[in-house]
Amino acid sequence: MAKTFILVGDHYQLPPLVQNKEAQAGGLDVSLFKLLSDAHPSSVVNLEHQYRMCEDIMLLSKTLIYSGRLKCGTPEVAARSLKLPNIGGLKQHHLSNFSQTSRSRQVCLGTGQGRCWLRDLVDPSAKTYLVNTDTLATPARDVANGSRIVNPTEANLCTQLVEALISCGISARSIGVITFYRSQLSLLKQNLRHRVPDLEMHTADKFQGRDKEIIILSFVRSNEENYVGDLLSDWRRVNVAFTRARTKLLVVGSKGTLRNGNELLGKYVKLVEQRGWIYDLPKNAVENHIFDDIPVSTYDRSTPSPKMAPVVKQKPRKPLSPVQERLTPSGGLRKPSKKGMKLLSGQTILGSRPVLQDVVNDLVG
């Protein structure tokens with residue numbers, strides 16, 4: 001037997017998925033890494049230098065998750081910036097003559113004739129922005145079909161951002177698209193199917209361990225109740241999404257819903273407001289550029305995101321610290337209990353696990 005062993009990891013990101021509620025109740029949703037870190041804090045060595053994100057993108061996780069204990073490994077990493085081969089490629093999405101569109105449609109004429117939101121966001125200096133959909137003329141609300149939650153407007157905006165970057169000479173292999181919902185992912189894959197397999201599109205859970213030069217993140221949730229759901233309540237999942245990009249992270253979402261959704265997201269909105277990293281879209285942003293070959297997301301907009309039944313409030317986790325220690329009443333670490341084998345019903349396995357429910361919904365249609 002070895003006298004010393006070393007574990008390397010980050011329990012501030014997503015642990016393995018534990019599907020069974022009895023296993024969760026027995027403590028098996030707490031990793032060995034987390035248990036040992038809490039039991040022996042003096043044995044923990046924090047590796048504070050990272051070599052992926054530029055300084056602006058790193059600031060999000062540094063401030064919101066790691067309590068300031070994160071640094072760029074070198075000055076070159078901190079100053080890293082996107083190389084945009086051909087910004088002139090955006091001209092193909094601008095109106096060149098009035099015969100191209102009806103008079104009732106306001107189409108962007110390019111930066112020479114005023115503001116162009118695509119030009120502003122693909123610019124290398126725009127390293128991270130919350131692309132705020134609240135300023136659109138038609139609210140970009142999430143809609144539901146059973147347990148499936150999608151936001152068609154966000155899907156269209158993400159699609160246009162991807163196409164604009166590719167038009168400027170960026171390879172699709174350098175771009176990643178992330179969302180927290182499998183149904184939204186299906187919508188994005190439908191819009192951008194002509195870019196597959198070069199363009200990687202995944203949920204935040206599946207993107208863990210990967211990175212891209214550019215990440216476009218769709219938050220999906222946008223509603224009058226400011227309800228963000230269970231998936232966005234896990235700060236480790238949000239941390240994964242915020243730490244995948246090297247030089248550009250564009251977060252598409254509702255500033256109002258995120259600000260009031262939960263503590264961590266509220267702190268995120270406050271941070272980007274303080275840094276001037278919120279980009280309010282023009283009212284007609286969805287339709288004011290020309291994308292002839294891009295399919296438009298369609299969805300039944302008559303069904304808004306359902307109001308959720310009241311839930312029992314639990315003691316909130318601290319978003320600026322690791323997951324709270326799971327302690328027994330006596331103050332010691334809660335140890336996994338052994339359970340005998342028994343058959344489980346489908347409802348016991350699914351429970352209220354939104355990710356699993358989305359998987360089953362996709363399989364049964």
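Which helix supplies the largest share of the lining of the second largest pocket? Helix 2 does, with 5 residues.

Before going further, a word on the model and its conventions. The structure is a predicted model, in which local features need pLDDT of at least 70, side-chain atom pairs count only at pLDDT 80 or more, and totals for chains, interfaces and linings use all residues. Residues are numbered from 1 along each chain as its sequence is written, and side-chain values use heavy atoms, with hydrogens and water left out.

**Confidence and overall make-up**

The mean pLDDT (the predictor's confidence in each residue, from 0 to 100) is 84, and 76% of the residues reach 70 or more. Residues 309-344 have pLDDT below 50, yet this stretch has 58 contacts (heavy atoms within 4.5 Å) beyond near neighbours in sequence. Where pLDDT is low, the predicted coordinates should not be read in detail.

Helices (H or I, at least four residues) and strands (E, at least two) are DSSP runs, numbered from the N terminus. Here are some values for the protein as a whole:

| Property | Value |
|---|---|
| Helices and strands | 13 helices and 10 strands |
| Buried share (under 20% relative accessible area, 1.4 Å probe, protein chains only) | 45% of 365 residues |
| Contacts between residues 24 or more positions apart | 79% of those with a separation of 6 or more |

**The core**

A nonpolar core is a set of buried Ala, Val, Leu, Ile, Met, Phe, Trp, Tyr and Cys residues joined through side-chain atoms within 4.5 Å. The largest one has 88 residues, and Trp-117, Ile-175, Ile-216, Phe-219, Phe-242 and Tyr-268 touch the most other members. Helix 6 (residues 152-167) gives the most to this core, with 8 residues. Setting aside residues up to four places away in sequence, the contacts of Trp-117 include Leu-157, Leu-161, Tyr-279 and His-289.

**A loop residue**

Ala-172 sits in the loop between helix 6 and strand 6 (175-179). Ala-172 counts as buried because its relative accessibility is 11%. Its C-alpha atom is separated by 4.9 Å from that of Leu-199, 27 residues apart along the chain. Beyond residues up to four places away, Ala-172 touches Ile-166, Asp-198 and Leu-199.

**Back to the pocket**

A pocket is an open set of points on a 1 Å grid where a 1.4 Å probe fits, with protein on both sides within 12 Å along at least five of seven lines; lining residues have an atom within 4 Å of a point. The second largest pocket has 34 lining residues, with Gly-9, Phe-33, Val-45, Asn-46 and Leu-47 nearest its centre. Helix 2 (32-39) and strand 1 (49-50) each supply at least two residues of this lining.

Methods:
Buried < 20%, exposed > 50% of the residue type's maximum accessible area, 1.4 Å probe, protein only.
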